[in-house]
Amino acid sequence: MTPALETPLHGVPRALELCIKRHPDPGPGGLSPADALWPHRLRRILRAALAHWHLSDYGETAELLLTELVTNALRHADGSSIGVRIYVRDDRLVIAVNDGSPDIPVLRPAGPDDESGRGLFLVEALAESWGASADGATTWCTLPLTEDKGPSDMEPAAVTAPVLREMPLELPADPSAVKIARVCGRTRLTMLDWPGNGNAAIAVLGALVDNAVTHGLTPGRTGQSLSARLGVTENQELVIDVTDPNPLFPNFTDAVDGTVGRGLWNARRHGARLTWFVAAGFEGKTVRAIFRPGPAEL
């Protein structure tokens with residue numbers, strides 16, 4: 001395989017490229033506090049990119065691979081910057097890290113009490129393939145992407161038509177949110193005067209809020225919040241957004257297909273087009289349902 005950072009990215013529709021400025025630790029083999037923040041930041045960036053590319057199912061493995069390659073570069077290189085490229089080509093996700101060092105990384109055994117040294121063994125186990133460029137500066141790995149992972153009618157989360165009017169709905173971060181959403185949501189829907197199946201819309205709103213309560217909240221944690229928003233677009237589509245504090249949704253496709261649970265599967269049966277995306281600041285996620293207009297059935 002061609003070393004990843006030597007592959008031009010011009011015209012590649014799903015690609016992410018960035019350069020991080022380093023603050024190396026003067027001691028050998030350690031991470032400065034500033035450098036130690038980068039693996040977590042990059043995982044969040046990658047998670048958002050995969051959601052945008054409709055590849056969230058691969059997020060957990062891809063995040064682990066990126067973390068190991070970046071951490072290895074931060075620990076063992078002494079340059080002022082590190083380049084990261086993540087892109088899809090030939091049905092594979094490619095992750096490449098350029099640390100500028102000519103030292104080619106090698107697998108080395110780690111003792112049972114060692115706190116580090118297993119990163120490349122993890123890459124070896126999880127990646128389809130991995131290697132280094134001829135000059136040693138770039139370490140890369142690939143992750144195969146199976147085709148047709150999601151339902152054929154899944155669409156991007158962005159709304160194509162402008163929203164003309166919308167109504168927010170603040171919800172308590174507990175199970176009572178489901179009933180409140182159904183009751184208050186019907187009032188909001190009437191005020192929006194949407195020409196569509198109101199009963200189906202309220203059923204889907206309730207399913208999305210129930211999903212957020214069940215999977216988006218962490219039991220015992222204070223300060224969490226749930227919110228919903230109903231909007232009507234220029235094309236008279238109804239948009240229902242439900243936002244919770246958990247930025248992950250690893251089983252979204254299975255949930256929509258009914259393999260895991262029945263809430264989102266039922267929502268899809270009501271005619272909703274379902275997507276999800278990472279919320280602003282990567283501090284949560286939004287699950288979106290879109291309805292086309294039709295005969296009003298309030």
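In what order do the strands of the open sheet with S1 in it run? The order is S1-S2-S3-S5-S4, five strands with antiparallel pairing. This is a predicted model, and it holds another open sheet of 5 strands, ordered S6-S7-S8-S10-S9 and also paired antiparallel.

- In the S1-S2-S3-S5-S4 sheet, the edges are strand S1 (15–21) and strand S4 (129–132), each of which pairs on one side only.
- On average, neighbouring strands of this sheet are turned by 10° against each other, direction ignored.
- Strand S1 pairs with strand S2 (residues 81–89) through 7 bridges, in the antiparallel sense; within this pairing, Lys 21 has Ser 81 in S2 as its bridge partner.
- Helix H2 (residues 38–52) lies across S1, S2 and strand S3 (92–98), and runs at about 165° to S1.
- Helix H3 (residues 59–76) lies across S2, S3 and strand S5 (138–144), with a direction at about 15° to S3.

**The sheet from S6 to S9**

- For the S6-S7-S8-S10-S9 sheet, the edge strands are S6 and strand S9 (273–278), and each has a pairing on one side only.
- Neighbouring strands here are turned by 20° against each other on average, again ignoring direction.
- S6 and S7 are joined by 8 bridges in the antiparallel sense, and Glu 166 has Gly 231 in S7 as its bridge partner.
- S7 and S8 also run antiparallel, with 6 bridges between them; Val 232 faces Leu 238 in S8, while Arg 229 stands opposite Asp 241 in S8.
- The hairpin of S7 and S8 has 4 residues between the strands, and Gln 236 there takes a positive phi near 65°.
- Why is S7 described as largely enclosed by the rest of the structure? The reason is burial, because 7 of the 8 residues of S7 are buried.

**Helix H5**

- Helix H5 (residues 176–192) has 17 residues and spans 24 Å from first to last C-alpha, close to the 24 Å expected at 1.5 Å a residue.
- The helix has a kink of about 25° centred on Gly 185, and Gly 185 is also one of the buried residues of H5.
- Just after H5, Asp 193 has a positive phi of about 55°.

**H5 against H6**

- Two packed helices are described by the angle between their axes and the distance between the axes.
- For H5 and H6, the angle is about 145° and the axes are 9 Å apart, and the crossing is right-handed.
- On the H5 side, the residues that meet H6 include Ala 177, Ala 181, Arg 182, Gly 185 and Arg 186; on the H6 side, Gly 198, Ile 202, Leu 205 and Val 213 are among those that meet H5.
- Asn 211 is also in helix H6, and it counts as buried because its relative accessibility is 13%, where buried means under 20%.
- Leaving out residues up to four places away in sequence, Asn 211 touches Gly 216 and Phe 249.

Note on methods
Residues are numbered from 1 along each chain as its sequence is written. This is a predicted model: local features need pLDDT of at least 70, side-chain atom pairs count only at pLDDT 80 or more; totals for chains, interfaces and linings use all residues. Side-chain values use heavy atoms; hydrogens and water are left out. Helices (H or I, at least four residues) and strands (E, at least two) are DSSP runs, numbered from the N terminus. The expected span of a helix is 1.5 Å times one less than its number of residues. The bend at a residue is the angle between axes fitted to the seven residues ending there and the seven starting there. Buried means under 20% relative accessible area, exposed over 50%, partly exposed in between (1.4 Å probe, protein chains only). Two strands pair if DSSP finds at least two bridges between them. Axes are lines fitted to C-alpha atoms, for helices over the stretch in contact, and angles run from 0 to 180 degrees between N-to-C directions. A crossing is left-handed if the near helix is turned anticlockwise from the far one by less than a right angle, and right-handed if clockwise. Contact means heavy atoms within 4.5 Å.
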